[in-house]
Amino acid sequence: MRLSISFLVTLSATYVTACDPSHQYHRRAPPVSNVPAPSPPIGNLSVGFTSTIAAIPAPPTPVAGFFNTTSFPSQQQQNVTDFLEQAANLSKDWRIYQYFQDQCITQQVLPSLFSQPAGFVTPFTPFDNFYFIGHAFVSAWALDTGDGLVVIDALDSSEEIEAIMLPALKQFGFSGNDIKHVIITHEHLDHYGGAKYLKETFNSTIYASDLAWQEMATYNVPLNSTSYPPSRDATLVDGQVLTVGNVSIETVLTPGHTPGTLSLIFPLTTKNGAEKHMAGLNGGTGNPQSAIDRTTKVLSQRRLASIAYERGVDTLISNHHVADHALFNSDILAHSSPDAPNPFVIGRDNYYNYLNMLGLCTKVVAARQGMDLWV
């Protein structure tokens, strides 16, 4: 049964400034090498000498540079135990167990092991007419509707559109002029950053929820920024079905990660239409900070799980690799036989359990911090 979306939106009253600490942009400096350059050749000595130097390992990290596990001096021990056990029980299938570890444990206790550096990756197509056009830190997807492309999320900036999205589309025979519609899943820079550029350059229609538009209108961003928020364009409401060409995309408002987060349900096929699936894209998996937003997120995940189950969603798609293992799956697909199962397809029950597990992981982090939620 659906929970009242107005209640969820009312609860989600505070603004989260970024995709939570685990979704920050990690840029790492190149490693410093202490190995000297090879000496000029002296007879036959240079080859052996160079090989010896090359085999010298890099110096170990000084102990002073070690990270610590996160401590939780106020944690509610029994609640943490209970919620972890519940989440683990929902995640027994190997196809979703790693998400439980990532979201309930690694992200919370060992966040340094949860970093998501930006990086170039090979574009790929895991389903008929569905294309990955993002990078290692944040995903973007293009859906060919037969009447132009619907792009889900717009990366961090106009620079990334030019360097990543457009070249990726070109590999699949498209250009920026094919981008007719862009859906922003929520009002964080890594999802709306290139939308203004797409609107001004290709006249794409930009969609977001009403609360996302309201939030983006308040941002104080320099006018010359390559990540300037788009001006209000089209608004998606809860339960709305956007039909473009031969594809219909259902919107489910899922506040919590941010007030304006929305999620999507849409059909996909494989094997030239022979195998049909229903995809669910959860618009915001990261945990917000306040008790009221965390409560909202838990309720949103439960509600989305129920709706997705009714719609027969069996395929996990996300706007971050960490939440759907898109890049791992791309390598599996590149080395799979034609009749091998698609790794994005996790099954109807698993998708339902996955979303409820995410809600429980939010309850886990709250309990670790001694925070009471209203769920």
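## Ground rules

Two strands pair if DSSP finds at least two bridges between them. Helices (H or I, at least four residues) and strands (E, at least two) are themselves DSSP runs, numbered from the N terminus. This is a predicted model, in which local features need pLDDT of at least 70 and side-chain atom pairs count only at pLDDT 80 or more, while totals for chains, interfaces and linings use all residues. Residues are numbered from 1 along each chain as its sequence is written, and side-chain values use heavy atoms, with hydrogens and water left out.

## The protein as a whole

Let us start with the overall picture. The protein has twelve helices and twelve strands. Of its 375 residues, 51% are buried (under 20% relative accessible area with a 1.4 Å probe, protein chains only; exposed is over 50%, and partly exposed lies in between). Taking contacts (heavy atoms within 4.5 Å) with a separation of 6 or more, 70% are between residues 24 or more positions apart.

## Strand S3 and its partners

Four bridges join S3 to strand S4 (residues 149-152) in an antiparallel arrangement, with Trp 141 opposite Ile 152 in S4. The S3-S4 hairpin has four residues between the strands, and Gly 146 takes a positive phi near 85 degrees there. S3 also runs antiparallel to strand S2 (residues 130-132), to which three bridges join it; Tyr 131 has Ala 142 in S3 as its bridge partner.

Both faces of S3 are covered: Trp 141 and Leu 143 are buried on one side, and Ala 142 and Asp 144 are buried on the other.

## Asp 144

Setting aside neighbours within four places in sequence, Asp 144 is in contact with Asn 129, Tyr 131, Leu 149, Phe 174, Asn 246 and Val 247. Its C-alpha atom is separated by 8.7 Å from that of Asp 128, 16 residues apart along the chain.

## Helix H5 against helix H7

The axes of helix H5 (residues 158-171) and helix H7 (residues 195-202) come within 8 Å and cross at roughly 75 degrees. Axes are lines fitted to C-alpha atoms, for helices over the stretch in contact, and angles run from 0 to 180 degrees between N-to-C directions. H5 and H7 are therefore roughly perpendicular (65 to 115 degrees; under 35 is roughly parallel, over 145 roughly antiparallel and the rest oblique). Ser 158, Ile 161, Glu 162, Met 165 and Leu 166 in H5 meet Tyr 197, Leu 198 and Phe 202 in H7.

Glu 160 is also found in H5, and counts as buried because its relative accessibility is 8%. A polar atom of the Glu 160 side chain lies 3.0 Å from the backbone nitrogen of Asp 156.

## The five-stranded sheet

Five strands make an open, mixed sheet in the order S8-S9-S10-S11-S12. Strand S8 (241-244) and strand S12 (315-318) are at the edges with a single partner strand each, so one side of each lacks a neighbour in the sheet. The twist averages 30 degrees from one strand to the next.

S8 pairs with strand S9 (residues 247-253) in the antiparallel sense over four bridges, and Leu 242 has Ile 249 in S9 as its bridge partner. Helix H9 (residues 291-311) lies across S9, strand S10 (262-270) and strand S11 (275-282), running at about 155 degrees to S9.

Technical notes:
Polar contact = N/O pair within 3.5 Å; in protein donor to acceptor, adjacent residues only side chain to side chain.
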